[in-house]
Amino acid sequence: MLLIKNASGGYDGEEIVKNISFSVNEGEFFGILGPNGSGKTTLINMISGLLDLQQGKIEVAGRNIADYSKKELARKIAVLPQLTPQVFPYTVKEMVSLGRYAHHSGLFRSWTKEDEEIVQRVMRQTNILEFADTSVMEHSGGEQQRIFLAQALVQQPKVLLLDEPTNHLDLAYQKELLDLLRKSAKEKGLTVVAILHDLNLASLYCDRLLLMDEGEAKALENPDEVLSEELINSVFDTEVIKQAHSKIAKPQLHLMPSKKTWQAKKLWSIDETNLSFSTEQIVLHSDLPVKTISSGIVGAGIGWYKYFVNRHVDENYYCNDHRKEMRTYLKGRGFPPAQTVGMMTAIVLEDYSYGIYEGNGFSILVVVTASVGNAVDSSRAKPLVGPVAPGTINTWVFVNGSLTEEAFIQATITATEAKAQVLRDLAIQDRKTGTVATGTPTDSILIAATQQGKELDYAGTATELGALIGNAVYQEMKQAISKTLNRKKAAEQG
Amino acid sequence: MKSNAIKYGISCALLIGAMLFAISIGSVSVPILDIVKVIGSEAFRLPVGDDVDPMYVSIVYEIRLPRVLLAGLVGASLAIAGAAFQGLLRNPLAEPYILGVSSGASVGAVATLFFGISLPVIGMYTLPFLSIITALTTILIVLYFARKIDRTMRVETIILTGIIFSAFLGSIISLIIALTGDELQQIIGWMLGSVSMRGFRYVGIILPFFILGSFILLMNAKELNAMSLGEERAQHLGVDVGKRKLLILIAGSILTGAAVAVSGTIGFVGLVIPHLTRKLWGPDHVHLLPLSMITGAGFLILTDLLSRTIISPQVLPVGVITALVGAPVFAIILIKQRRRS
């Protein structure tokens with residue numbers, strides 16, 4: 001639909017866009033990225049015909065834009081401008097109707113039924129029909145942007161160009177506008193070419209991206225390729241971290257603030273002084289948030305948390321919405337749910353065990369509560385029917401060090417292997433199968449790291465960290481299970 | 001949304017009312033019915049009935065009718081030119097007088113009158129022709145300078161440039177006058193603007209230019225709508241901006257030049273009338289231009305009436321009254337503008 005071939009252009013003889021080539025297919029949502037002054041707007045002005053090319057050519061629908069008359073071109077390409085203040089109080093409908101100009105030829109061509117239908121339809125589509133007769137000046141930035149989008153759409157263009165369309169729009173309007181554009185692209189075959197300054201929005205909505213730097217094309221690919229840490233870091237001269245969007249298969253970039261602004265002044269660590277025990281709960285309170293991967297009830301998954309609560313509940317605890325109940329519990333005890341990982345256990349909390357283990361340049365704190373009353377062999381397990389009893393082996397591992405994501409995963413594996421080994425060594429059996437158990441049906445695990453100090457890339461058993469975690473979890477769990485077993489034995493003996 | 005019939009009905013009724021009123025009132029009052037009879041008979045080439053005083057015929061036909069027609073044409077020309085300049089420059093304060101176009105036209109007119117220039121072929125149209133040329137030259141130079149100063153051409157920049165050029169051109173006029181050594185009183189009177197004692201000859205001078213200029217502008221009403229959103233936006237919408245802009249500037253200069261040639265510099269009509277019309281009937285140039293034209297004609301006829309009756313038998317230059325009304329309106333719009341931005 002759009003073909004840009006070796007195009008160069010700029011103002012007053014200066015070359016701002018240098019030898020750019022790309023093509024955009026019909027119905028594609030194409031994004032243009034780049035730092036300020038990289039020539040994005042100049043390129044858009046070249047495509048829209050505002051600015052003549054110094055070299056190369058631009059074709060729309062197979063024909064050079066220089067060969068179109070102004071009106072013909074306006075029937076092929078429309079532009080959604082950045083918002084500018086309005087001088088005259090046109091009504092919304094008058095403003096939108098101006099978009100039909102290019103379809104009126106001859107001196108006395110009057111407003112037709114078709115014009116009216118198109119204007120009505122587009123106003124409905126952009127949600128501005130209800131205020132068609134009000135003055136444009138009365139409306140907010142987001143509404144004005146929709147009015148100008150409607151004006152561009154009634155041109156019935158094949159290609160829509162947008163220059164930072166989400167500027168000045170609040171979050172909901174940004175999403176609404178981009179959703180509408182994406183829908184028009186996919187359902188009506190509108191070709192959308194947009195300059196976007198928000199890299200994450202570009203990732204979410206664009207099929208392909210052109211990354212510009214100093215007037216040249218630095219990359220032209222799908223968002224996953226263009227939004228690589230190396231490219232963005234070099235072009236934007238700043239540090240970003242790339243991560244997957246947690247719900248859809250698109251990359252997202254996280255800006256890294258300068259270390260001075262967020263890093264703690266000096267090294268700090270988590271140790272037993274952060275722990276407190278009562279019959280109701282075991283709490284670890286960290287001074288600063290630590291990066292955590294866990295399978296708790298509240299704060300599960302990956303995140304940064306300050307409070308860790310292992311709460312004792314009755315063996316017959318049952319609640320329809322145990323997440324909500326847990327949040328209420330935490331709030332009632334002064335833990336902000338957004339900063340807290342919460343777990344439950346039915347065992348007597350005195351049977352905990354914990355220990356600090358020193359490595360070379362790092363240390364770990366392991367806290368375990370465990371009971372093996374209904375242990376299972378995971379290789380022979382069957383899904384449980386009915387309410388699930390609260391977890392019985394809860395393992396916390398806090399690392400005073402900086403872990404990679406793979407290290408978090410390996411730490412989980414290592415800790416779990418150690419747990420299985422404890423059960424085997426204590427000959428604890430799955431009562432249903434008669435084989436050695438590997439855990440209980442509702443175990444929870446938590447790996448947390450302060451993310452400062454020594455960088456620890458891996459946590460498999462081949463590494464010092466992995467070996468330490470394996471050892472520590474084994475020791476503490478064995479002790480915790482023994483405590484529980486002894487208590488039971490004592491109770492049985494009377 | 002007011003229906004078009006109402007918009008035009010009210011405006012035309014006001015214009016006709018103003019015309020009849022202005023012809024009727026003066027040192028000798030002429031009954032409205034007699035005016036209708038005199039004009040009617042003249043139009044249909046019929047003898048005037050015996051019941052009309054022959055003096056009325058001569059007052060209406062020789063003195064008041066040409067004066068009213070001239071005032072109407074000048075008012076209409078300045079108002080539609082003002083509306084067009086405002087749309088083109090997306091600036092509600094743009095106006096022939098403020099932009100310096102009127103001063104530019106004056107230079108041409110004064111030069112023609114006081115050096116007694118008469119170009120071959122065009123003869124009596126030398127006066128409007130040279131006024132139009134100097135008017136067009138002025139607006140082009142003013143816009144060129146304004147753009148040099150500030151690429152975005154802010155409202156204030158354009159006004160400032162216009163004022164500087166007005167002052168400069170005003171002194172050129174003074175220089176011409178000093179050189180010719182003519183009577184100052186007469187020239188100052190002319191410069192302040194007047195439509196008195198001009199006769200049908202002047203109506204004949206302005207009419208073709210009025211028709212041409214208005215026609216061009218009315219043909220560009222839709223383009224003016226687009227250009228009032230900014231030149232880039234207009235081009236996005238498919239307007240051939242370069243061509244249309246030049247056409248509109250030429251038409252505006254034709255209207256202003258011809259008006260100045262026959263009546264001197266009458267300021268603020270092109271500011272007040274489009275502003276009022278826009279407030280009443282909306283900013284769409286398809287209707288704003290003709291409605292401004294009609295309202296402008298009525299307005300200048302009434303101000304002229306005021307100018308010759310307010311301190312009768314003395315006649316006040318009509319430009320004095322339009323400035324008395326216009327300058328405060330200018331100030332109010334400027335304050336509103338500043339507040340918004």
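A strand here is a DSSP run of E with at least two residues, and two strands pair if DSSP finds at least two bridges between them. Please keep in mind that this is a predicted model. Strands of a sheet pair through backbone hydrogen bonds, either parallel or antiparallel.

**The hairpin and its next partner**

- Strand β14 of chain A, residues 281-294, pairs with β15(A), residues 301-312, in the antiparallel sense, with ten bridges between them.
- Within this pair, Ile293(A) sits opposite Ile302(A) of β15(A).
- Six residues lie between the strands of this hairpin, and Gly299(A) has a positive phi near 75° there.
- β15(A) also pairs with β16(A), residues 340-345, this time in the parallel sense over six bridges.
- Across that pairing, Val309(A) faces Gly342(A) in β16(A).

**An open sheet of four strands**

- In chain A, four strands form an open sheet in the order β2-β1-β4-β5, paired in the antiparallel sense.
- β2 (17-24) and β5 (63-64) of chain A are at the edges, and each has a single partner strand, so one side of each has no neighbour in the sheet.
- β1(A), residues 2-9, and β4(A), residues 55-60, are antiparallel partners over five bridges.
- In this pair, Leu3(A) is opposite Glu59(A) of β4(A).

**A helix on the sheet**

- Helix α1 of chain A, residues 40-47, packs on the sheet and touches β1, β2 and β4 of chain A.
- The direction of α1(A) makes about 120° with that of β1(A).

How values were computed. Residues are numbered from 1 along each chain as its sequence is written. Chains are lettered from A and ligands numbered from 1 in the order in which they are written. This is a predicted model: local features need pLDDT of at least 70, side-chain atom pairs count only at pLDDT 80 or more; totals for chains, interfaces and linings use all residues. Side-chain values use heavy atoms; hydrogens and water are left out. Contact means heavy atoms within 4.5 Å. Axes are lines fitted to C-alpha atoms, for helices over the stretch in contact, and angles run from 0 to 180 degrees between N-to-C directions.
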